[in-house]
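Visitor: Please take me through one part of this model at close range. I would like the strand pairing, and then what surrounds it.

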Amino acid sequence: MSAHTAPAPHSLADPAVGAVLADIAASAEHDEDVVRQAYATAAGWAEQPTPLQAAELCARAALPVAPEVGRFLYQLVRAVRPALVVEFGTSFGASTVHLAAALRDNGTGLVIGSELHPGKAARARANLERAGLAEYAEIRVGDALEQLADLPGPIDVLLLDGWKELYLPVLRTLEPALRDGAAVVSDNLPMLPPEFLEHVRGSAAGYLSQPLALGEGVELSLRTA
Ligand SMILES: C[S@@+](CC[C@H](N)C(=O)[O-])C[C@H]1O[C@@H](n2cnc3c(N)ncnc32)[C@H](O)[C@@H]1O
């Protein structure tokens, strides 16, 4: 920084963070082609791709959260001041960068991300490093159902952004670790299985939940149990 440059007012205005988010957004320009190719490849298979096969087919797709969803994640983490944020589905790390940027501005906290595809996890780690946010994030490689079973404390904020059919199994696995008042943010509302929405919106499971008009749509569920 030169002697005349004012410090960034928050980490999303930090040029190093902005450059990483811009690179991820640029690579996301090809996502539709990659996903179309993935569907075309899988169409000939006798059975649906497994989550790992789907991750392999989408290895070159960033599939990042929409910019306004990223800003919402940053705002939420600044407001809540969580000790622990957990993320299902890290990909190249756009959401993780927003979450870690907020943790850096809070001066405390850790985000634990999870990514099935090792190459994508490596890219996310490199992105966090380049953004200067590595100390606020840990990326676990492998199936979130296994990788997130062991956590250092209660979850204050949870982002669900992996394959949609796994939102409910992942949420059920992590439910005992959610603190009372934890915020669960589920991205891509139009793609979510009905049983997931019945779970968080029904009266039995212990959430106060509603949709937010951000990006394609987000479900925000507050843990009340
Ligand atoms: C929509 S992308 C995540 C985008 C990311 N949150 C961002 O904003 O950049 C979904 C990712 O979830 C990963 N994924 C799918 N199933 C998974 C699983 N069981 N465990 C961990 N990651 C998984 C996929 O490999 C893919 O990279």
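Guide: Start with strands β2 and β3. Five bridges join β2 to β3 (residues 137-141), and the two run parallel. Strands pair here if DSSP finds at least two bridges between them. Helices (H or I, at least four residues) and strands (E, at least two) are DSSP runs, numbered from the N terminus. S114 stands opposite R140 in β3. From β2 the chain passes through α6 to β3, a right-handed β-α-β crossover. Right-handed means that, with the strands pointing away from the viewer, the path from the first strand over the helix to the second runs clockwise.

A word on the source. This is a predicted model: local features need pLDDT of at least 70, side-chain atom pairs count only at pLDDT 80 or more, and totals for chains, interfaces and linings use all residues. Residues are numbered from 1 along each chain as its sequence is written.

Now helix α6. T96, V97 and A100 in α5 meet A124, N127 and L128 in α6; contact means C-beta atoms, placed from the backbone, within 7 Å. By class, this contact has four nonpolar, two polar and no charged residues. Ala, Val, Leu, Ile, Met, Phe, Trp, Tyr, Cys and Pro count as nonpolar, Asp, Glu, Lys and Arg as charged, and the others, Gly among them, as polar.

Along with α3 (51-57), each supplies at least two residues of the shell around the ligand. That shell divides into twelve nonpolar, eight polar and four charged residues.

Terms used: Two residues are in contact if their C-beta atoms, placed from the backbone, lie within 7 Å.
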